[in-house]
Amino acid sequence: MTFSLIWLPSVLEAAGLKVALAEGWESRGRGDVGEIFGVICHHTAGPRAGNMPSLHTLIEGRSDLPGPLAQLGLGRDGTYYVIAAGRCNHAGKGIWQGITTGNTSFIGIEAENTGGADDLPWPEVQIDAYRRGVAAILKRVGRGAEFCAGHKEYALPTGRKSDPPFDMSDFRKSVADLMSGTAAPPPLIPAVEPSPVPGTAGRPTLRRGATGELVKQIQAKVRIAATGNFGPVTEAAVRAFQRDHGLVPDGIVGPKAWAALDAVV
């Protein structure tokens, strides 16, 4: 049986967001949803390493709570993983905008983050995707930014949940700006680093999917096997390197990351 939220991938893709489909998502859910009023934002409290290491848990659930645990997972690189088109166990007891049927009436988004000080700052590419995804969904269901709640705001009794850790009023303001068309465009990572010598080309920005000798150089610097393939292991190692060197841990090697890698002996 195909459930109602079959429109999720197309809405996110139309907003310019990266989308990955978890096999079987169309018919996954604890029954179908009802009328969707908004979005509840969460973080996974999962592992520190990896792009979306909590994906299996979001699909299958935990020992104390059967899955699926959210319709959407949001990786650290800004990719939306579409998990379920039906109802999910993400909200629990609570109320927002007078609505108490969280699992039936709200779409749950679980963003990958430990929720602690060990996972700060959030990658800007992830936060930007979070805002844009919420804005796109709210537009689709015909609701304003006030129908976006943090789990910590929805959950009862008050204080039962702490996710997500960022300020939800600021987040809703950014979502509202996106919906009204007044938001500033997202900052872009330069495609090529500034050339150290006039007339010569700088190194390109590299990310998952890249191959070649420059990838091998990166892998050697972050102390992993130099295969020349920029896959999930390399991305995780780059992210850890960035975090350790005070950079935004997005797993993308742009000009700032190249400069930090050059300093490694």
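Reader: How many residues of strand 2 are buried?

Author: Let's start with this predicted model, where local features need pLDDT of at least 70, side-chain atom pairs count only at pLDDT 80 or more, and totals for chains, interfaces and linings use all residues. Residues are numbered from 1 along each chain as its sequence is written, and side-chain values use heavy atoms, with hydrogens and water left out. Buried means under 20% relative accessible area, exposed over 50% and partly exposed in between (1.4 Å probe, protein chains only), while strands (E, at least two residues) and helices (H or I, at least four) are DSSP runs numbered from the N terminus. Strand 2 covers residues 38-43, and the number buried is six of six.

Reader: Which residues of strand 2 are buried on each side?

Author: In a regular strand, side chains alternate between the two faces of the sheet. Here one side has G38, I40 and H42, and the other has V39, C41 and H43.

Reader: Which residue in strand 7 is the bridge partner of G38?

Author: Two strands pair if DSSP finds at least two bridges between them. Strand 2 and strand 7 (residues 106-111) run parallel and are joined by six bridges. In strand 7, the partner of G38 is F106.

Reader: And which residue in strand 8 is the bridge partner of I40?

Author: Strand 8 (residues 148-150) also runs parallel to strand 2, with three bridges joining them. The partner of I40 there is A149.
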